[in-house]
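Please keep the structure open while you read.

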Amino acid sequence: MKRYNYSDLSSADIQKLVQRNVDPANEIRAIVEDVIAHVKEHGDSALLDYALKFDKVELDKLYLDKDELSTIASAISAEQKAALQTAYDNIYKFHQTQLKAEDKVETMPGVTCWRELRPIEKVGLYIPGGTAVLPSTFLMLGIPARIAGCHEIVVCSPPQKNGKVNAFIAYVALLLGVDKIYLAGGAQAIAAMAYGTQTITKVDKIFGPGNQFVTKAKTIIQSTTTTAIDMPAGPSEVLVIADETANPAYVAADLLAQAEHGMDSQSILICTDRKIADAVLLEVDKQVPSLPRAEIVKAALENSYIVVTQNLDEAMQFSNRYAPEHLILATESWQQITPAIVNAGSVFLGNLSPESVGDYASGTNHTLPTSSYSKAYSGVSVDSFVKKITFQHITAEGIKNIGPSVEILAELEGLHAHKNAVTIRMKDK
């Protein structure tokens, strides 16, 4: 991992450091646009072609039904089912509290305003399945979709070499009451849900993390179709702030946990002393050889770095510029610096709060904004799956009270039909 001293970095240097997943030559965009166009024109045929090209599997059909999912899910053990159930219960408990009705507000006598929730009717969930299969993502997306009451949930996940999905994903589908999983991955799955194919329904909004190709596809379809997205999510990243009270072995484990997601993941360490950096790197060297995904981890670490600051305030300044997906405060002083957090997707406080618990089972959602998008986006929640529609009701007293102000405002904007819509009612009262 490269190492920098914060005091040596100019603002331009920091800006260059915090940029990631950029596509300056538009190489990724060009590939993704071609995939989207092919799926838009050829539908199911394109998806079958891409399954053969990218997933190396020849499919007879593009989905697995409930019976097939039940058969696949039967392979998992009771212990594994119990772990998935624990995750399900905690995620459900946390997200259930987010579904709240709002009070009506009388803004002036006779003028009442309020908001009501309505579920998004058709949502698409993308469950990655590249170098790692993620049933946890299925839980993180499916549970709030169910709580919100979405009428149709379309699920896409890449097929494995046997033309099926992982047993854990199949079991989660049963937990969520999802009767069908479509065997499509990558940018082609995003395009299929955005445009619809002969088999896959067009959805109103697409959710889920992915690699740079998936994220690029989501950003493109958001600007070229009527399908919305949750946020740009992926590749994954973590930023750890550590001081002398941190445990170097824990910090190293957290950095490696993020790095194993993929070669394009990023693990950033911001520490208040170079001795901390030295100790963490020693632990990294100890822990890497035992990891099954060591080669992926090493590639990700080459894309990562360490910044040494003079104090926690400087560390937080850098973190807010980076705007991480995951932020770990590996310090006993976390309560003092937490109020300074401005930009982050999800935060893990203290030395006993690894990111892994949030990834799987604490209850918070792990589908989060990456690549500095936490400056403007929040992570997935029940709110992501609903629309908040505003209502207003005006009584005879209300039109009398509010009408004159609206007439003046409409007239000063030169919109006389607007004014007349109020005046004509006031004359009748």
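Helices (H or I, at least four residues) and strands (E, at least two) are DSSP runs, numbered from the N terminus. This is a predicted model: local features need pLDDT of at least 70, side-chain atom pairs count only at pLDDT 80 or more, and totals for chains, interfaces and linings use all residues. Residues are numbered from 1 along each chain as its sequence is written, and side-chain values use heavy atoms, with hydrogens and water left out.

**Positive phi**
- Most residues other than glycine have a negative phi, and most peptide bonds are trans.
- Ser-372 is not a glycine, yet has a positive phi of about 75 degrees.
- Ser-372 sits in the loop between α15 (355-360) and β15 (386-394).
- Ser-372 counts as buried because its relative accessibility is 16%; buried means under 20% relative accessible area, exposed over 50%, partly exposed in between (1.4 Å probe, protein chains only).
- Lys-56, also a residue other than glycine, has a positive phi near 60 degrees.
- Lys-56 belongs to the loop between α3 (44-54) and β2 (63-64).
- Lys-56 has 55% relative accessibility, so Lys-56 counts as exposed.

**Cis peptide bond**
- The bond from Gly-234 to Pro-235 is cis, with omega near -5 degrees.
- Pro-235 is found in the loop between β9 (228-229) and β10 (237-242).

**A buried helix residue**
- Ser-319 is part of helix α13 (residues 312-322).
- Ser-319 counts as buried because its relative accessibility is 0%.
- Leaving aside neighbours within four places in sequence, Ser-319 contacts Leu-239, Ile-241, Pro-324, Leu-327 and Asn-343; contact means heavy atoms within 4.5 Å.
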